[in-house]
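Please find below some brief notes for a colleague who is new to this structure.

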Amino acid sequence: MRTVIFDLDGTLADTSADLIAAANYCFRGLGLGDLLDPEADKLTAFHGGKAMLRLGFSRAGAFGSDEIDRQMPVLLQAYEDDIDRHTTMYPGAVEAVEALRGAGFAVGICTNKPEGLAEILMTRLGVRDLFGSLIGADTLPVRKPDPAPYLAAVERAGGALNSSLIVGDTETDRKTARAADVPCILVTFGPEGRGIDRLAPEALLDHYDDLPDLAGRLLG
């Protein structure tokens with residue numbers, strides 16, 4: 001079965017505002033105020049909690065790696081508590097997934113967000129049942145760009161590696177595709193815009209309306 005595996009943050013859903021809000025919660029708790037901006041720091045948000053904390057602390061000229069480690073559980077709890085306040089699926093994403101399923105594709109998710117948080121988010125957004133698999137950062141002992149989580153996402157969705165592709169938004173997704181030796185589609189509606197073309201994916205995706213035809217061409 002032809003299979004399309006999606007990244008989550010920055011690919012299926014714009015989660016950046018809720019991620020940054022969780023990091024700012026940590027900074028406020030330390031008396032530093034809101035150190036991250038929901039728009040200007042979108043790209044950092046998609047690189048994870050530690051990246052956000054590192055950037056904020058660098059701006060404050062305070063704290064180090066030990067404080068980042070101490071704040072990570074605080075950040076994750078704050079994020080879980082308010083995980084879908086601002087998060088929305090990208091325009092056309094739900095319709096594209098439904099169209100792929102209707103055309104006989106298997107679909108799944110492979111994300112570097114912790115599995116539990118990914119499950120909560122997709123359930124609250126009302127779309128979890130659309131995906132045959134969900135592999136998170138802690139589902140296996142390794143995470144993307146190691147190909148093992150991607151392969152697990154394909155297999156659990158009922159697909160086969162040699163007829164699959166990944167849809168993502170970052171260099172991590174590009175490296176995952178190379179490691180798994182599968183095609184990669186990178187979206188241009190993330191923080192990097194069309195600059196993501198620097199990673200030389202097999203295709204760029206400007207809008208989800210184009211995905212079913214694009215996946216069909218790449219997988220035959």
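This is a predicted model: local features need pLDDT of at least 70, side-chain atom pairs count only at pLDDT 80 or more; totals for chains, interfaces and linings use all residues.

1. The relative accessibility of Asp-209 is 57%, so the residue counts as exposed, given that the term applies over 50%.

2. Helix H6 spans residues 115-124, and Arg-124 lies in this helix. Is Arg-124 buried, partly exposed or exposed? With a relative accessible area of 44%, Arg-124 is partly exposed, because this value falls between the limits of 20% for buried and 50% for exposed.

3. Not counting residues up to four places away in sequence, Arg-124 touches Glu-80, Asp-81, Ile-83 and Asp-84. As for Ile-196, this residue is 72 residues from Arg-124 in sequence, and the two C-alpha atoms are 29 Å apart in space.

4. Lys-113 is placed in the loop between strand E4 (106-110) and H6. The relative accessibility of Lys-113 is 5%, and the residue therefore counts as buried, a term used for values under 20%.

5. Which residues are in contact with Lys-113, leaving aside its neighbours within four places in sequence? They are Leu-8, Asp-9, Leu-19, Tyr-79, Ala-118, Leu-121, Gly-136 and Ala-137.

Notes:
Residues are numbered from 1 along each chain as its sequence is written. Side-chain values use heavy atoms; hydrogens and water are left out. Buried means under 20% relative accessible area, exposed over 50%, partly exposed in between (1.4 Å probe, protein chains only). Helices (H or I, at least four residues) and strands (E, at least two) are DSSP runs, numbered from the N terminus. Contact means heavy atoms within 4.5 Å.
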